[in-house]
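Please read them with the structure open beside you.

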Amino acid sequence: MKCRAIAGLIAASMLALAMHPARAAEGTAAELISHFRHEHGEGAVTTDATLNRIALDQARAMAAKNTLDHGVLGSFSARIAPSGAGRAAENIAYGYETFPKTLQQWINSSEHRKNLLLHNASRIGIASAKDASGKRTYWAMEIAGDYEEKKPKSIKGRKDKEPVVAVKREVAAKREAAASPAASQCHIKLLSLCF
């Protein structure tokens with residue numbers, strides 16, 4: 001009984017992948033990018049539905065206008081806003097039919113490579129679309145990371161959280177005591193005279 005259920009699930013999954021090859025390619029794309037990122041000391045990424053939609057809108061718009069342009073749908077910051085990303089980048093390309101060839105094109109380009117290696121990125125969205133003639137494939141990849149917490153600035157060489165003003169006062173008092181040993185025994189100090 002269990003074998004039939006498992007066989008049924010496998011058959012249904014294979015049918016779903018055959019009907020939606022883009023979904024199978026998304027997993028592969030995330031794995032390929034994650035592998036590249038691991039080789040360069042960065043963490044893995046997973047596909048994100050919102051980023052996939054943003055990438056698909058971008059790829060379709062470029063294909064419809066037959067132009068490779070980050071601004072074809074407006075500013076990147078406005079388009080990426082629905083993802084809630086703290087930091088994000090976008091790679092676009094055209095020409096190759098398959099994602100692995102497109103990925104290699106991005107790896108070989110210094111600016112695209114930087115985007116693939118976006119520090120602390122955790123999510124991606126990838127899509128492609130063909131132009132009206134069906135001869136040119138446009139690709140868009142969105143990669144995003146969450147907001148990073150800002151660390152408080154510390155005083156160089158100090159590890160405690162004491163305010164700068166208090167530290168300066170303490171240093172000034174120590175200097176004054178060192179300059180005038182009798183000053184520490186004064187009850188009243190008037191015009192540099194100790195009483």
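**Notes on the predicted model**

1. Start in the sheet. Ala 129 has Tyr 138 of β4 as its bridge partner. This is a predicted model, and the pairings below are read from its coordinates. Ser 128 stands opposite Trp 139 in β4. In total, 9 bridges join β3 to β4, and the two strands run antiparallel. Their hairpin has 6 residues between the strands. Within this hairpin, Gly 134 takes a positive phi near 75°.

2. What is the order of the strands in the sheet? It is β1-β3-β4-β2, in an open sheet of 4 strands with mixed pairing. β1 (46–47) and β2 (87–94) stand at the edges with a single partner strand each, so one side of each has no neighbour in the sheet. Strands of a sheet pair through backbone hydrogen bonds, either parallel or antiparallel.

3. β1 and β3 run parallel and are joined by 2 bridges. Thr 46 stands opposite Arg 123 in β3. Tyr 94 stands opposite Tyr 138 in β4. Glu 90 has Glu 142 of β4 as its bridge partner.

4. Two helices pack on this sheet. Helix α3 (residues 49–65) touches β1, β2, β3 (121–130) and β4. The direction of α3 makes about 30° with that of β3. Helix α5 (residues 99–107) touches β2, β3 and β4. The direction of α5 makes about 115° with that of β2.

5. Are the residues of β4 buried or exposed? 9 of the 9 are buried, so β4 is largely enclosed by the rest of the structure. Both faces of the strand are covered. On one side are Thr 137, Trp 139, Met 141, Ile 143 and Gly 145. On the other are Tyr 138, Ala 140, Glu 142 and Ala 144. Note that Glu 142 is among the buried residues. For β3, 7 of the 10 residues are buried, so β3 too is largely enclosed by the rest of the structure.

6. Consider the nonpolar cores. The largest has 20 residues. Ile 33, Phe 99, Trp 106, Leu 116, Ile 126 and Ile 143 touch the most other members. At least two residues of this core come from each of α2 (21–39), β2, α5, β3 and β4. A second, separate core has 11 residues, including Ala 59, Val 72, Ile 92 and Ala 129.

7. Trp 106 deserves a look. Beyond its neighbours within four places in sequence, Trp 106 is in contact with Asn 91, Ile 92, Ala 93, Phe 99, His 112, Arg 113, Leu 116, Trp 139 and Met 141. Of these partners, Phe 99 and Leu 116 are also listed with Trp 106 among the core residues that touch the most other members. Ile 92 belongs to the second, separate core.

8. Which residues does Ile 80 contact, leaving aside its neighbours within four places in sequence? They are Leu 51, Ile 54, Ala 88 and Glu 142. Ile 80 is found in helix α4 (residues 76–80). Ile 80 has a relative accessible area of 10% and so is buried, the cut-off being under 20%. Leu 51 is 29 residues away along the chain, yet the C-alpha atoms of Ile 80 and Leu 51 are separated by 7.8 Å.

9. For the chain as a whole, the secondary structure comes to 7 helices and 6 strands. From the N terminus on, the elements run α-α-β-α-α-β-α-α-β-β-α-β-β. Of the 195 residues, 29% count as buried. Among contacts with a separation of 6 or more, 65% are between residues 24 or more positions apart. The chain exposes about 13200 Å², and carbon and sulfur atoms supply 59% of that area.

10. Finally, confidence. The mean pLDDT of the chain is 77, and 61% of the residues reach 70 or more. Over residues 1–26, pLDDT stays under 50, and the model has 4 contacts beyond four places in sequence for this stretch. Over residues 160–173, pLDDT also stays under 50, with 5 such contacts. Where pLDDT is low, the predicted coordinates should not be read in detail.

Conventions:
Residues numbered from 1 in each chain as written. Predicted model: local features only at pLDDT ≥ 70, side-chain atom pairs only at ≥ 80, totals over all residues. Heavy atoms only, no water. Pairing = 2+ DSSP bridges. Contact = heavy atoms within 4.5 Å. Axes fitted to C-alpha atoms, helices over the stretch in contact; angles between N-to-C directions. pLDDT = per-residue confidence, 0-100. Buried < 20%, exposed > 50% of the residue type's maximum accessible area, 1.4 Å probe, protein only. Areas by Shrake-Rupley, 256 points an atom, 1.4 Å probe, with all protein chains shown as cover. Core = buried A, V, L, I, M, F, W, Y, C linked by side-chain atoms within 4.5 Å.
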